[in-house]
Amino acid sequence: MSQVFVIEGPTSLQGEVTVRGAKNSVLKLMAATLLAPGVSTVSNVPDIADVRIMCELLSRLGCGIDYDAAGGTVRIDVPAAPGTTADYELVRLMRASISVLGPLVGRMHAAEVAVPGGDAIGSRGLDMHQRGLEQLGAQVSLDHGYFVARAPRGLTGADIALPFPSVGATENLVMAAVLADGVTTIENVAKEPEIVDICTMLVEMGARIEGIGSSRLVVTGVPELHPVAHRCVGDRIVAGTWAFASAVTAGDVTVRGVGLDILPNVVDKLLESGAQVTAIEDEDPARAGFRVVGPARPQPIRVSTLPYPGFPTDLQPFVIALNACADGVGLLTENLFEARWRFVNELSRLGAQVSIDGNHALVTGVDSLSGAEVEASDIRAGAGLVVAGLIATGTTEVSGIDHIERGYEHFVEKLTGLGATISRVEKPDPVILR
Ligand code: EPU
């Protein structure tokens, strides 16, 4: 048996929703705790499957884990000498496992981390991680499916220039460089809020990093770091998901836990679609947020995905869903992942009119979508199909919901709270014909 989401549409979302910490930050914050022995605590942690996988990974490296999913905190007790091997069994479940590579090489001068392999959104190379660690003095080889990194005499500061502002490579290299001997400069780094969050936590642990939030980081190595208590930045992709869900469904949704300051280009596009967006200021970051009132029918939008502060690739399925029901023709250009189109085939089953040409998706809005059975191929595609299901008439059944639950906490409960008719239903597995 497997579970599916069953949605009855069309619905207009109304109400308030709170977003907790960013999946793509919290997993790296947890990995970064490996850099200091002792008890570190991360708060504002979302209750999602990927956090549980990272808990398991750290536990297998010898850390004591105390995860309070409801309270949103994880305490990690890092031993004096953590293990250095991340098995394929866990890495294959979650690509972000690769983020233990930098901290382990930096602190233990050795790591064996399984290579994650490709996934449903593209091949996703790791050459910049490898080359950067080599520049810091590690020997890195591929051995039976594992990255094996060795730096018997420790890492040494170096000048590194990334050919592309890779999120994962930036994180791994900063985490490796904080304990290196001397100064490391990294040019053309990613500037995502999650990178800022990780650098901020490293500084709280005693690291010396200049240029946080810019394209150039200067890291002056220190001999040791100390444990920390850090609050994770809010999840701008989940917040963006709710914003688009409101815009698409002619809704009125208040989103708390993420400010508009970390959604720069997203707000412009929501406004272009005819939505009204209002900031909600509050000193408490868990209360600050924004309200999105959707138009009766969205205007089509033109979006090109780019590294931050450009429009995030992780929100592209929601742009396509919006354009699918818009009054005219919209365009989405995907510049980061070559294979993020599997979602489009599924959306077509709901009646969307999308044509793909290279990295462009031309979408002609239709008057209404009609419910059907569809399958999620990755986390954002899955959430995008649920959003499309909200506006489709009749019943939409989304399978592959494990993907969605990797990154969206209490998704069904939150949608229900906003007035959607959605339930989780057990379904027999499909018969495999031989
Ligand atoms: N790339 C290389 N070589 C490298 C590193 C990256 O060729 O050494 C290429 C990748 O193949 C890809 C592009 O560069 O085409 C972007 O990769 P990047 O390293 O920036 O992304 P990532 O670290 O693998 C993170 C998020 C993704 C998000 C991207 C872009 C995590 C765990 N994942 O991936 O999030 O789409 O940054 O913002 O932080 C998601 O949450 O659904 C998700 C896929």
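How much area do domain 1 and domain 2 bury between them? About 1,800 Å², with 53% of it on carbon and sulfur atoms. The views below come from a predicted model.

**View 1. Two domains make up the protein.** Domain 1 is built from two stretches, 2-19 and 235-427. Domain 2 covers 23-223. Their C-alpha centres lie 30 Å apart. The contact draws 23 residues from domain 1 and 19 residues from domain 2.

**View 2. Domain 1 and domain 2 bury about 1,800 Å² between them.** Three residues of domain 1 lose the most area to domain 2: Tyr308, Phe337 and Arg406. Together they account for 31% of what the domain 1 side buries.

**View 3. Aspartate 50 pairs with arginine 406 in a salt bridge.** Their closest N and O atoms are 2.9 Å apart. Between domain 1 and domain 2, the count of salt bridges is two. Seven residue pairs are in polar contact between the domains, with both residues at pLDDT 80 or more.

**View 4. Glutamine 316 sits in helix H10.** This helix spans residues 316-324. Is glutamine 316 buried or exposed? Its relative accessible area is 0%, so glutamine 316 is buried; the cut-off for buried is under 20%. Leaving out residues up to four places away in sequence, glutamine 316 touches Thr305, Phe311, Leu332, Glu334, Arg340 and Trp341.

Terms used. Residues are numbered from 1 along each chain as its sequence is written. This is a predicted model: local features need pLDDT of at least 70, side-chain atom pairs count only at pLDDT 80 or more; totals for chains, interfaces and linings use all residues. Side-chain values use heavy atoms; hydrogens and water are left out. Domain bounds come from an automatic or database domain assignment. Contact means heavy atoms within 4.5 Å. Buried area is the accessible area (1.4 Å probe) that two parts lose on being put together, summed over both. A salt bridge is a side-chain nitrogen of Lys or Arg within 4 Å of a carboxyl oxygen of Asp or Glu. A polar contact is a pair of N or O atoms within 3.5 Å; within protein, one must be able to donate a hydrogen and the other to accept it, and residues adjacent in sequence count only if both atoms are side-chain atoms. Helices (H or I, at least four residues) and strands (E, at least two) are DSSP runs, numbered from the N terminus. Buried means under 20% relative accessible area, exposed over 50%, partly exposed in between (1.4 Å probe, protein chains only).
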